[in-house]
Amino acid sequence: MSTENLKIPQHIAIIMDGNGRWAKQKRMPRNYGHMQGSKRVEDICRAAHELGVKYLTIYAFSTENWSRPADEVKALMRILRDYLKESVKKASENNMRVRVIGDRERLDEDIRASIEHLEEVSAGNTGLNFQIALNYGGRDEMLRAIRRIAAECKDGQLSVEDIDEKLFSSYLDTADIPEPDFMIRTSGEQRLSNFLLWQTAYSEFYFPEVLWPDFDKKELKKAIEEYTKRDRRFGGIKEE
């Protein structure tokens, strides 16, 4: 299928799965897989933008990932630190706006500072909107939103009658970001793993067998070809 005939999703969300298995196949340590997986992110950002995608959200580190072995978590944080620093230059070169979703409180102070700097310097960029989910969990996100709403109701800033889907969405980390049209999870695993639970209510899902470090522009285009074939419906209403 040619690019001209593709129906391009406005927003793609990706669960980048399979780094550890990819490394094992290469007889390399898991952390090598994570390093190669982080390098793949820039390629997919560039490919998504070239194909016409407006928003791309990746699941980089979940609230559950803290339970991994300490050495692996430490390595992931080191990769994250390097990636955030490199992203300042890459965001400028690629005219990409970068935002981070998730609870930052558990992240080290230097990581939080790097996130704030990256968001600040890329805020005016007009190309791909790139969201990185760090210390993110869909349930945690909703609980944080509920606590804020409850506190504002208690203080008299909100009334219970004000609460509807639109208001609730405005308290989520993704408040001003369109909901994903298309969710991709690499490696063939078929579960959401607590990622964007509210936002993917009407998303299409795609579970390719390919492991994340091997997921390139060709695989992304193949995924979008599959999306193009789908009969998109929202609450029973067919997408025009």
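A crossing of two helices is right-handed if the near helix is turned clockwise from the far one by less than a right angle, and left-handed if it is turned anticlockwise. In this predicted model, the crossing of helices H2 and H7 is right-handed, whereas that of H3 and H4 is left-handed.

**Helices H2 and H7**

- Helix H2 spans residues 30-51 and helix H7 spans residues 217-229; the two pack with their axes 9 Å apart, at an angle of about 45 degrees.
- That angle makes H2 oblique to H7.
- On the H2 side, the contact is made by Ile44, Ala47, Ala48, Glu50 and Leu51.
- On the H7 side, the contributing residues are Lys217, Leu220, Lys221 and Ile224.
- By class, this contact of H2 with H7 holds six nonpolar and three charged residues, with no polar ones.

**Helices H3 and H4**

- The axes of helix H3 (residues 70-93) and helix H4 (residues 109-122) cross at roughly 20 degrees and come within 10 Å.
- Angles under 35 degrees count as roughly parallel, and H3 is therefore roughly parallel to H4.
- Helix H3 brings Met77, Leu80, Arg81, Leu84, Ser87, Val88 and Ala91 to the contact.
- Helix H4 meets them with Asp110, Ile111, Ser114, Ile115, His117, Leu118, Val121 and Ser122.
- Nine nonpolar, four polar and two charged residues make up the contact of H3 with H4.

**Aromatic pairs**

- The count of aromatic pairs comes to 10.
- One of them joins Trp22 and Tyr32, which are stacked, with 5.8 Å from centre to centre and 20 degrees between the planes.
- Because Trp22 lies in helix H1 (residues 19-25) and Tyr32 in helix H2, this pair ties together parts that are 10 residues apart in sequence.
- Trp22 counts as buried, at 8% relative accessibility, while Tyr32 counts as partly exposed, at 28%.
- Phe205 and Phe207 also form a stacked pair, because their ring centres are 6.4 Å apart and their planes stand at 5 degrees.
- Phe205 is partly exposed at 27% relative accessibility, and Phe207 is partly exposed with a relative accessible area of 27%.
- Tyr59, Tyr136 and Phe195 are linked into a cluster by ring pairs.

Note on methods:
Residues numbered from 1 in each chain as written. Predicted model: local features only at pLDDT ≥ 70, side-chain atom pairs only at ≥ 80, totals over all residues. Heavy atoms only, no water. Axes fitted to C-alpha atoms, helices over the stretch in contact; angles between N-to-C directions. Helix = DSSP H or I, 4+ residues; strand = E, 2+ residues; numbered from the N terminus. Parallel < 35°, antiparallel > 145°, perpendicular 65-115°, else oblique. Contact = heavy atoms within 4.5 Å. Nonpolar A, V, L, I, M, F, W, Y, C, P; charged D, E, K, R; others polar. Phe/Tyr/Trp six-rings, centres within 6.5 Å; stacked < 30°, edge-to-face > 60°. Buried < 20%, exposed > 50% of the residue type's maximum accessible area, 1.4 Å probe, protein only.
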